[in-house]
Amino acid sequence: MAVMSYLEAIRETLRQELRRDSRIIIYGEDVGVRGGVFRVTEGLQKEFGEDRVMDSPLAEAAIIGTAIGAAVNGLRPIPEIQFADFIFPAINQIVQEAARIRYRSNGDFGVPLVIRAPFGGGVHGALYHSQSVEVFFAHVPGLKVVIPGTPYDAKGLLAAAVEDEDPVLYFEHKAAYRSLKGEVPEERYLIPIGKADLKRSGKDISIITYGLMVNYALKAAEALEKEGISAEILDLRSIRPLDVQMILETAKKTGKVLIVHEDNLTGGIGGEISALIAEHALFDLDAPIRRLAGPDVPAMPYSPPLEHAFMITSDKITEAARDLAKF
Amino acid sequence: MAKAKLTPELLKEIYYYMALSRAVDDRMWILNRQGRAPVVYSSNGHEATQVGAVMALNRGEDWIVPYYRDLAMVIAYGETPREIMLHLLGRAADPNSGGRQMPAHWGLKRRHIMTTGSVVATQDVHAAGLALASKVLKDGRVSLASFGEGSTSQGEFHEALNFASVHKLPVIFLNENNGYAISVPARKQMAIMDVAARAQGYGIPGVIVDGNDPIKVYEVTQEAAERARRGEGPTLIEAKTYRFVPHSSDDDDRAYRSREEVAEWKKRDPVMTFEKRLIDEKVMTEDELKAMQQRIKNEVNDATDFAEKAPLPDPNTLGRYVYAE
Ligand SMILES: Cc1ncc(C[n+]2csc(CCOP(=O)(O)OP(=O)(O)O)c2C)c(N)n1
Ligand SMILES: [Mg+2]
């Protein structure tokens with residue numbers, strides 16, 4: 001099996017999907033000739049032509065709005081938003097249109113659409129190239145929000161998103177693109193959207209997280225192991241839908257839950273997960289639920305000490321987990 | 001599609017849809033004033049623009065992406081009076097939305113009427129996207145988006161024109177300029193006289209047409225459709241027209257426009273003038289006209305009765321169709 005970076009896994013999946021289904025088109029800012037600012041779509045225009053991999057005008061509402069129309073008229077568009085931070089001009093199209101079209105037409109219309117966007121910080125991107133925007137969309141019924149944490153998952157989840165009949169937001173962590181590597185099978189496979197994955201089994205505490213943080217949590221778990229603390233790690237893989245069953249299972253198993261996300265604390269998906277556990281597993285808990293999340297400041301600052309203070313690291317996870325284990 | 005001729009049959013059909021939608025429209029207001037229909041959005045005054053335009057399309061094959069003003073347009077595109085009334089009254093069998101959307105929020109896939117929401121100008125980019133698919137799939141379809149002049153202040157209108165002209169998409173942007181966005185007059189909406197002038201900024205033709213003359217609208221739309229099918233890209237059509245009634249049943253237009261102004265425009269009522277023309281030019285006899293009007297009356301009565309007797313949606317369906325089932 002080939003070892004690939006997170007980025008390569010996404011690119012090869014796009015290639016495989018484009019080869020498989022001629023209805024798939026990719027477009028966005030700089031995705032064609034240049035192959036995207038992160039090179040995710042590199043070489044795809046050359047292979048598939050300008051009709052299927054094209055540079056669009058710099059206009060996010062138009063990118064998503066046209067993708068909706070194209071999906072209704074028989075294509076399977078995979079538009080790219082260059083940075084998740086710039087998705088807001090399109091929020092009208094995503095929330096008011098894509099998410100509501102099936103519902104408002106009583107099932108007559110559907111919008112099979114995958115919106116890819118790099119997100120997240122720790123890459124000196126400052127306020128407008130570091131944001132975690134997933135929870136704005138996780139709030140909206142009609143959308144699905146997928147955030148892979150490994151190259152293997154990146155492939156299976158992207159293929160599943162393409163196969164999905166409803167709009168899926170597929171967020172890729174920028175810091176994961178080249179730093180994460182792993183084995184990725186050649187053949188096509190689907191990972192069902194809404195199924196979490198137990199990335200590590202443990203008995204003392206549960207760490208529930210997603211995306212890049214999964215890797216930080218795995219590192220933290222190794223450090224904790226040396227201290228005699230056994231941590232279980234649940235990778236959500238999608239935050240809408242949430243895998244409620246697996247969340248409750250791990251909470252009941254260890255009785256101690258730490259929820260980790262880079263997105264800021266207040267209104268983050270951690271609040272929803274806490275509420276689910278409180279509603280359905282309160283008496284299985286041995287400690288209050290803990291959340292480790294980005295601070296409640298408007299976005300990630302630029303200068304290294306400020307950026308570091310914002311970011312979640314494996315050390316911060318280790319510390320919070322140790323604290324919780326002692327409770 | 002070969003250029004359709006303006007045969008007497010086609011002229012009669014255009015008149016039929018205009019008169020039918022006016023009659024449905026009038027009935028909707030009566031139902032509203034009687035407390036039987038909570039809200040009404042009207043195409044009253046816009047019939048020539050809407051019917052003239054879509055009769056120039058390959059109906060049921062080309063896509064239309066209408067807005068709430070387009071009752072006459074969707075009737076000419078194949079929604080029946082019964083379907084319209086089911087929608088107005090929020091009945092379960094409403095084919096546009098199963099009673100989920102407010103009246104005048106059209107959408108019917110089998111007739112290629114795109115589903116529409118309330119947020120103005122969102123539909124403009126959808127039309128460009130439908131046309132993008134047509135270009136890639138080479139399905140020969142044209143898409144037509146319609147919208148009021150007020151909504152042309154929105155970014156999505158401009159994004160749609162730009163995207164479609166850069167990629168030479170087979171799409172027609174039809175502006176129904178009635179001079180007002182609810183109460184706000186066009187001169188407070190834009191610092192130019194004509195919406196059509198916007199076309200120049202996108203390198204596409206901008207055509208002004210008398211929106212109260214269905215034949216003129218038909219002709220310019222036909223030309224725009226041919227241009228689109230030849231792969232030459234979009235056209236912006238501005239049909240100058242007027243709405244004779246308030247913005248909706250919740251509006252009172254006396255607050256912002258004079259009765260004299262309304263009366264002046266009513267002299268050019270598109271349904272009346274076209275009717276007179278068909279008689280004067282002997283396309284139709286008085287007897288034929290009367291028979292058609294009687295048929296329309298019967299259809300509207302039937303539709304009203306049918307919809308009023310139709311069941312309302314089952315509350316247990318509230319959670320359906322959030323995702324594919
Ligand atoms: C984005 C948005 N803002 C406000 C409204 C409320 N609204 C509905 S119709 C309308 C006026 C639209 O006027 P125009 O585009 O000229 O169309 P007309 O009704 O005159 O045909 C307004 C302000 C809306 N539907 N969408
Ligand atoms: Mg107007």
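Predicted model: local features only at pLDDT ≥ 70, side-chain atom pairs only at ≥ 80, totals over all residues.
Chain A is divided into domain 1 (2-184) and domain 2 (197-326), and 41 of its residues are in contact with 43 residues of chain B.

- On the chain A side, A:N73, A:Y103 and A:R104 supply 22% of the area buried against chain B, more than any other three residues.
- The size of an interface is often given as the accessible area lost when the parts come together.

**Domains of chain A**

- The C-alpha centres of domain 1 and domain 2 of chain A are 26 Å apart.
- Their contact takes 32 residues from domain 1 of chain A and 22 residues from domain 2 of chain A.
- About 2,100 Å² is buried between domain 1 and domain 2 of chain A, with 59% of it on carbon and sulfur atoms.
- A:H124, A:V135 and A:I147 supply 21% of what domain 1 of chain A buries against domain 2 of chain A, more than any other three residues.

**Mixed sheet of chain A**

- Five strands of chain A form an open sheet in the order β9-β11-β10-β13-β14, and the pairing is mixed.
- The edges are held by β9 (197-200) and β14 (290-294) of chain A; each has a single partner strand, so one side of each is left without a neighbour in the sheet.
- On average, neighbouring strands of this sheet are turned by 25° against each other, direction ignored.
- Strand β13 (residues 257-264) of chain A runs parallel to β14(A) and is joined to it by five bridges; A:L258 has A:R290 in β14(A) as its bridge partner.
- Helix α11 (residues 269-281) of chain A lies across β10 (205-209), β13 and β14 of chain A, and runs at about 155° to β13(A).

**Parallel sheet of chain B**

- Chain B has an open sheet of five strands in the order β1-β2-β3-β7-β6, with parallel pairing.
- Its edge strands are β1 (63-65) and β6 (206-210) of chain B, each of which pairs on one side only.
- Neighbouring strands of this sheet are turned by 20° against each other on average, direction ignored.
- Six bridges link strand β2 (residues 143-148) of chain B and strand β3 (residues 171-177) of chain B in the parallel sense; B:G148 has B:E176 of β3(B) as its bridge partner.
- Helix α2 (residues 47-55) of chain B packs on the sheet and touches β1, β2, β3 and β7 (235-240) of chain B; its direction makes about 165° with that of β3(B).
- Helix α6 (residues 155-166) of chain B also packs on the sheet, where it touches β2, β3 and β7 of chain B; its direction makes about 150° with that of β3(B).

**Burial of β3(B)**

- Seven of the seven residues of β3(B) are buried, so this strand is largely enclosed by the rest of the structure.
- In a regular strand the side chains alternate between the two faces of the sheet.
- Both faces of β3(B) are covered: B:V171, B:F173, B:N175 and B:N177 are buried on one side, and B:I172, B:L174 and B:E176 are buried on the other.

**Helix α3 of chain A**

- At 1.5 Å a residue, the 13 residues of helix α3 (residues 60-72) of chain A should span 18 Å; the end C-alpha atoms are 19 Å apart, which agrees.
- 13 of the 13 residues of α3(A) are buried, so the helix is largely enclosed by the rest of the structure.
- After α3(A) comes A:G74, whose phi is positive, near 110°.

- Most residues other than glycine have a negative phi, and most peptide bonds are trans.
- A:D30 is not a glycine, yet has a positive phi of about 70°.
- A:D30 belongs to the loop between β2 (24-28) and α2 (44-48) of chain A, and with 38% relative accessibility A:D30 counts as partly exposed.
- B:Y321 also has a positive phi, near 60°, and is found in the segment after α10 (286-309) of chain B.

Key
Residues numbered from 1 in each chain as written. Chains lettered and ligands numbered in written order. Heavy atoms only, no water. Helix = DSSP H or I, 4+ residues; strand = E, 2+ residues; numbered from the N terminus. Expected span 1.5 Å × (residues − 1). Buried < 20%, exposed > 50% of the residue type's maximum accessible area, 1.4 Å probe, protein only. Pairing = 2+ DSSP bridges. Axes fitted to C-alpha atoms, helices over the stretch in contact; angles between N-to-C directions. Contact = heavy atoms within 4.5 Å. Domains from an automatic or database assignment. Buried area = accessible area lost by both parts, 1.4 Å probe.
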